Amino acid sequence: MASLSLDHAGISSETLEHLMAGASPAFDAAARRTALAAYEALPYPTASYGRYWKHDLHKIDLTHVVTSAAPATDFAAPEIFASDARSAQISFIDGVIAIELPDALRERGVIVTDLATARRTHTALLDAALGTTVNVADDKYAALALAFQNVGAFVHIPAGVAVDHPIVIRYAAVANDAFPYTVISAGENARVTVIEQLVTGDAPRFMCGIAEIIAGTRAQVDYAMVQSANIQSKTMIARGATVGNDAVVRIGLAELGSALTVDTLKALEHAPGGHTDVAGLFFATGDQHVDLSTQVDHAVGSTTSNTIIKSAASDRGQARYLGNIRIRKSAHGSDSSLRDDVLLLSEKAHVDSIPALEIAANDVKAFHGATVGAIDADQLFYLMSRGVPRVEAERLIALGFFEPAIAQFPTETLRVHLREALEAKVTAQ
Amino acid sequence: MSDRGLRIKDLRASVAGKQILNGIDLVVEPGKVHALMGPNGSGKSTLAFAMTGHPNYEILGGSVTLDGEELIGMPPDKRAKAGLFLSFQYPAAIPGVSVANFIRTARQSVNPTDLPPAKFRKMIFEKLDVLDMDPAFLSRSVNDGFSGGEKKRLEMLQLAILNPKYAVLDETDSGLDVDALESVGKSVNAMRETDEGKETGFLIITHYPRILQHIKADIVHIMMDGRIVKTGGPELANVIEREGYDKIREEVAGGVA
């Protein structure tokens, strides 16, 4: 990315024109202008439920959004997977791209590249996937993400190729705000694990992005996202997935950082035999606000899904989880479950947990279970009666609470990372 | 030392505003097995919870000293550190916390200057063996999805590993099949034969004398209506087995009249 002046800041058509003049385009100017117009025209997302949602998004100040500062040069991006524990990686520090893709994978047709390069060199493959799961025309922040897209990755696994270790996509917003766009496509019988990391430096940043996952027939895609921005930052991501015939897509969302997180996932089961797992966890501490929505849409029959969300809040943490299972009239014989549990660790913490099952077909199985509560007095007494001090007992119970969701995330390395990150949040109480 | 023992003096306690313990006097001696028997509702479990400091149980008066140290007013973890252990009738499930992690944390809390990890591991495996427990147990979540027998075995495993000065076993025999009961008996008896365990005093709370066929009681106390109404030797358990509690109730009533 060319070095640009700091005069251009904020969300405006002027900033956009400036951004386009400097960047190599993953999207053409017309698409970006249309998206910006959509962003400006679309109302703020509202919901008929929840107590905190409505008054917050209007307050986000985007007048200081920076996309043209010189990239940070002294930032060491945190690593979850050491180089021998990953198969490939694409890393962005601001706009500076670093790609590692072993020849062995490249020769088998595996693509790990930035979105602008993909646009030039893998146009057809990218076009087949991009924009198929997230509709920017009716999603305000997805539209904004597309308009200002300044970082992005395309990961493609060709038919029949299995990648042994995770492919890591890492976006670091350090001197600039980030508008990341991730596209992951897996061909027939392909197998891959993709870990996406969203991180920041110490400065408050705005991250607004899109992630799309397209799994072909009998493909297996494990996708996990770990958001660990600093706690002054704001993160808004729209995610979409489509699950092919007999394909398995497992999605793990770990929202650890940010002052405000808005994360929306829509998974579409549009082919028989498809299976989707969604696992989500967040822990709103301090003054963090988290808003997570997941939807699994069973459009056809013989599709299955499991959703498990574990959310906790302490201090003045506020959060909402909207969990939706949609079973369309045509989705006979589908089998789905939704489990969401909330742990409240302080009087002022609040989580609205709003599960919704929309079932239009008859012969389906749909399970739903939800709990909201504080730390159980009997569990606490039991641990304390074994000599464990109260603080330590509460810590154990709280960490244990997340474990069923953590267990759904790919690789022991990532699970250990999540446990440590949650433990650090619990211990900071 | 004259103040040795788990000494309960005139203990009165209530739950949800209702007084259940009406002045309990009882001394559990080191190295001895005391059985506490009584009909349902006599306050046996309340005594166990009141001694261990459950927050729902309000102490109205009296004292509980452990080798001279007053327990009343201490949080439950401090009582455990002082050397008190309660085997729960209905132990809580703690999802996501592995048995191994739990036991290690508990042992370190009660006895911080402890065994090196390898020796600790060896000890756990020995105790598992006595209890006929599969080592796979260690990686399961504490009591989560456990059968009644598995829960009681886990209580006994903790007892063996924490090696308290005084152990209260609350209805450990309830809901156990013969094999599980035998394992429980074996574990307690094995503990009592070790150098560390031979000084442990036991208070075995039970409704039926069945468990006493596996763990021999030295002294038997009968509790009714929140009081100890009779204390005697092991033969007292046989009387209960033969005649139930009614005879004793009549005796006590007669004595009062």
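**Exercise 1.** Determine where B:Ala16 is found and whether B:Ala16 counts as exposed or buried.

*Solution.* Step 1: B:Ala16 lies in the loop between β1 (6-15) and β2 (18-28) of chain B; strands are DSSP runs of E, at least two residues long, and helices are runs of H or I of at least four, numbered from the N terminus. The model is predicted, local features need pLDDT of at least 70, side-chain atom pairs count only at pLDDT 80 or more, and totals for chains, interfaces and linings use all residues. Residues are numbered from 1 along each chain as its sequence is written, while chains are lettered from A and ligands numbered from 1 in the order in which they are written.
Step 1: B:Ala16 has 8 C-beta neighbours inside 10 Å and counts as exposed.
Step 2: Phi of B:Ala16 is near 50°, a positive value in a residue other than glycine.

**Exercise 2.** Describe the setting of A:Asp315.

*Solution.* Step 1: A:Asp315 sits in the loop between β15 (304-313) and β16 (318-327) of chain A.
Step 1: With 17 other C-beta atoms within 10 Å, A:Asp315 is partly exposed.
Step 2: Phi of A:Asp315 is near 50°, a positive value for a residue that is not glycine.

**Exercise 3.** State which residues of α3(B) are buried.

*Solution.* Step 1: The buried residues of α3(B) are B:Val99, B:Phe102, B:Ile103, B:Ala106, B:Arg107, B:Ser109 and B:Val110.
Step 1: Seen down the helix axis, these buried residues fall within an arc of 160° (taken from the directions from the axis to the C-beta atoms), so they line one face of α3(B).

Terms used:
Buried ≥ 20, exposed ≤ 12 C-beta atoms within 10 Å, placed from the backbone.
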